[in-house]
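Please keep the sequence and the three-dimensional view at hand while reading.

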Amino acid sequence: MEALRQDDPRRFGPYTTLARVRESAVAVHFLARGADRDGLALVTAARPALASVPAFRRRFWSEARTAERLAGGPVPRPDVSPEGDGLWTATAYVPAVTLSEAIGLAGPLPERAVRVLGAGLAGTLSRVHASGAVFQGLAPGTVLVAEDGPRLTAFGPLGAAAHAEARERGQLSVRLGYLTPEQVEGQEAGPASDLFVLGLLLAYAATGTTPLADGPAEEAAERIAHGSAELGSVPVGLRALIAGCLSKDPAGRPTAGSVAAELAPEGAADRAQGGWLPAVLAAAVTDQAARARALEPPAGPVDDGPRVPPVEERTPTDAVPTGAALPDGGAPGHVVPPGGGHDGDPGEDSRTTRFLGTGARTPRSDRATAQLTLPEEVTNTAPPRLPAAGPPPAQPYAHPAFTAAPPALPAAAPPAAAPRTGPVTGRRALLTAVAAGAAGLVLGGAAVAALGSDGSASATTDEKPTAEPRPALPGRPPEPRWTYARPAKAPAPLTAGVWQDRLLVLTDTAGATAVDLRTGRKVWERADAAGAQSVLTAGEDLCFLAAPTEFLWLSPEDGRIRHRVRFADQFDGVPDMKVAPLTGQSGSVLWFTGSHTVTVRAPKPKKGKKRGKDTQVVKAYFFAYDVVRREEVWRVAVPAGRAPGTPAYRLIAARNADLVVRQDAGTLTPADVRAGQGKAVFRCFDRTTGKPLWNRRFGTVAPGGAAAGDQEGRLFGAVGDDLGAFETGSGKPLWTLNGTASSVFGTPVAAGALLHTTNRDQEVGAVERATGKVLWRRSTEVPAGDGCPALTLSGSGRTLLAADASQVTAFAAADGRRLWKFQDIGAPAPEGAAVTAPYRVLATGKTSVVVQRERAFYAFPVE
């Protein structure tokens, strides 16, 4: 959640917007208050791109009518925008969490809770089927659990879709989240299809996993059509009923009414009386309500802000882009939490200010398993006749975004109560802090304001180590031990590194800063170390920085420069040396490339001939340098790179006898590119002498493709859509890990007998290094993009962290259990610069990591 932007509407009909909840490909979601300033509402405003598609608008109004017909009990009554006022819906707010979040927080639900859940859902399905319709709106992200029972937020295929995109000529393609056997066979969905999905949901609620439907889409479809559901973990009292719902033959499934009667003969509402949720969920819902009430509307008259243009004035149909992702439960009135959308499609917006992410999900596939194409059809797209605008009635659904804080945590303290270590925070930052507290921004065991602009640690008030934070709820990130933010007026960090697990050292164009890794407090700042681009360890008592023209050794106590070596003084015979980014380090030795330009005089001309012109030639070298002894170990001449001439090498493997490097694609000369024929050339050097040993290609690994090596002489590289393992001594292929058409692999990480993998489908996994056998594979639940999550293994080797532009996801390295997700708050005020930098993870010792996003740093405890 973030503060409203300047161009955000301040009103939707009678609703005054309080905050921007999230932004997706099809809608922007706002938290709002009604005209009487009592009661919170959730407003979902469709994006013009999809709102102008006739099929989208038709489905939107159709599902709004469905919600109106079903209103009551588990279904909230929507308030829909009048014709000509854009395309939005509003529903009143009731504290609740999605079913997927509930499983992430509390694990599998007890049998009584599953019965209440199933009876409530089956009762709604019974009403739908009695009218001759099919519901098609069930999914883990569209089912909410509230204090008084389950609730629904999607009322058709559009709402429960995994993805949606506009097609040419106004068509809309929708992929469903769950498939049924009859749909796999190409048949139409009927009422019995809803019962099959209900069976999947009940099994998910009872066990935390979805039978048949987990895993890649193709495999899931095959299991759904022909496989047998494994229900051994389902409570005995529910097993026969769920097995009946999952019958391959639609005629063999029970009716919705019979399911409701069997699960709760007295009715779901009566069975829910006295409390039906596990204690951790009940506490989370109660805490959520308190935090939501803390949000206040602006004082005094509210400027309507920019007018919300009618759909007719917006982007024309033929300008609609493809690939627009539908929000989780995108039916009228449903708002998706910042932590993610339905079926692993969080639609993350990395461009905006945000608060600590919420939402925990049990590991499961986020790949779509069905597709429903809504044909182009010109119909009446006017809104249904719904009640006049006004505050929605009570008892609708909740917004999961307010489940951020553990139940035992108090509401955020006023900003004035927070420890202050620098200048007073501005009024707008304080307002942001209030919103942060309401949304559950709790750091380091204390409620804090948004990151201050003084560069101080927000959650620490003295030099003593912070107390060990209380255990986090399952799926929730642990409380940071401390947070640190670079001042807004300071340059953005160039790099960050860890020194001896004691200091976090940051560099920028103005200097270098050290932060105590125990407390998060700034230790020193040195302007004379400006511009350094690498931070390394140089023995037990010095911190090493590599700048563009020199090496620096700093005292860790006060940052004073103990030694300074300018390249012109240290490296004889290479005047005016230009150095590329460091190749890598092992022990006290680091490797880097450098080059300089020499003038080659033209040969003496023959008698009667004119002398030719002198030429400029670039000479390049690969160096080994000992940072403890401060002396060159060896250098070897290597081919020059693209102008200005320094080839940049990246370390692939540093073994006992040799090291393997690959030149960065951007520094290859045109002649190198032509000679490589689209394949990367790897170079091997003797580690002791620098003698070149071999140049070799491995399969079709591209110059820019991911590659890494291990101590046993293997090289792992992205080969097309697959990941291949090769023997470096001979180039012989060892094994291949097959991917999909879009799963280009990123740089893997070797750890013991395992190789951790990452790909553009946002999947993280582990295979046996020796054989390539897949041990586990999980999704980060971030929409697939151009890049792969970057992997970092904790110091203990037990936690694997995947970082991308949207979030950091923590997995158990041994079995792939998804442990938690984290998203930071970004810029501290609406007028602050948008944060687009990706997350980065630094391992610090055995039990902690530091997460960086541009200027903000968080220290998390990990296993």
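**Lead points**

F544 is buried, and so is W553; buried means under 20% relative accessible area, exposed over 50%, and partly exposed in between, with a 1.4 Å probe and protein chains only. The model is a predicted one, in which local features need pLDDT of at least 70 and side-chain atom pairs count only at pLDDT 80 or more, while totals for chains, interfaces and linings use all residues. Residues are numbered from 1 along each chain as its sequence is written, and side-chain values use heavy atoms, with hydrogens and water left out.

**The chain as a whole**

- The protein chain holds 14 helices and 47 strands; helices (H or I, at least four residues) and strands (E, at least two) are DSSP runs, numbered from the N terminus.
- Of the 863 residues in the protein chain, 57% are buried.
- Among contacts in the protein chain with a separation of 6 or more, 60% are between residues 24 or more positions apart; contact means heavy atoms within 4.5 Å.

**Aromatic pairs and charges over rings**

- The whole structure contains 29 aromatic pairs; rings of Phe, Tyr and Trp (its six-membered ring) pair if their centres lie within 6.5 Å, and planes under 30 degrees apart count as stacked, over 60 as edge-to-face and the rest as tilted.
- The ring centres of F544 and W553 are 5.2 Å apart and the ring planes stand at 70°, so this pair is edge-to-face.
- F622 and W634 also form an edge-to-face pair, because their ring centres are 5.7 Å apart and their planes are at 70°.
- F622 belongs to strand β27 (residues 615-626) and W634 to strand β28 (residues 631-638), so this pair ties together parts that are 12 residues apart in sequence.
- Both F622 and W634 are buried.
- A cluster linked by ring pairs consists of F544, F551, W553, F567, F571, F592, Y621, F623 and Y625.
- R630 lies over the face of W553, at 5.9 Å from the ring centre; a charge sits over a ring if NZ of Lys or CZ of Arg is within 6 Å of the ring centre and within 35 degrees of the ring normal.
- R635 lies over the face of Y621, at 5.8 Å from the ring centre.

- Helix α4 (residues 111-130) packs with helix α6 (residues 191-207) at an angle of about 170°, and their axes are 10 Å apart; axes are lines fitted to C-alpha atoms, for helices over the stretch in contact, and angles run from 0 to 180 degrees between N-to-C directions.
- That angle makes α4 roughly antiparallel to α6; angles under 35 degrees count as roughly parallel, over 145 as roughly antiparallel, 65 to 115 as roughly perpendicular and the rest as oblique.
- From α4, V114, L117, G118, L121, A122, L125 and H129 meet P191, D194, L195, L198, L202, A205 and A206 of α6.
- An open sheet of three strands has the order β7-β8-β9, with antiparallel pairing; two strands pair if DSSP finds at least two bridges between them.
- β7 (96-98) and β9 (149-152) stand at the edges with a single partner strand each, so one side of each has no neighbour in the sheet.
- Neighbouring strands of this sheet are turned by 35° against each other on average, direction ignored.
- Three bridges join β7 to the antiparallel strand β8 (residues 143-146), and T98 stands opposite L144 in β8.
- Helix α4 lies across β8 and β9 and runs at about 40° to β9.

**The sheet β41-β42-β43-β44**

- Four strands form an open sheet in the order β41-β42-β43-β44, and the pairing is antiparallel.
- The edges are β41 (790-793) and β44 (818-822), each with a single partner strand, so one side of each is left without a neighbour in the sheet.
- On average, neighbouring strands of this sheet are turned by 20° against each other, direction ignored.
- Strands β42 (residues 799-803) and β43 (residues 808-812) run antiparallel and are joined by five bridges; the bridge partner of A802 in β43 is T809.

**Two buried residues in strands**

- H756 lies in strand β38 (residues 754-758) and counts as buried because its relative accessibility is 1%.
- Leaving aside residues up to four places away in sequence, H756 touches P748, V749, A751, G765, A766, W776, L791, L793, L800 and A813.
- R662 is found in strand β30 (residues 658-663) and, at 7% relative accessibility, counts as buried.
- The C-alpha atoms of R662 and A680 are separated by 7.4 Å, with the two residues 18 residues apart along the chain.
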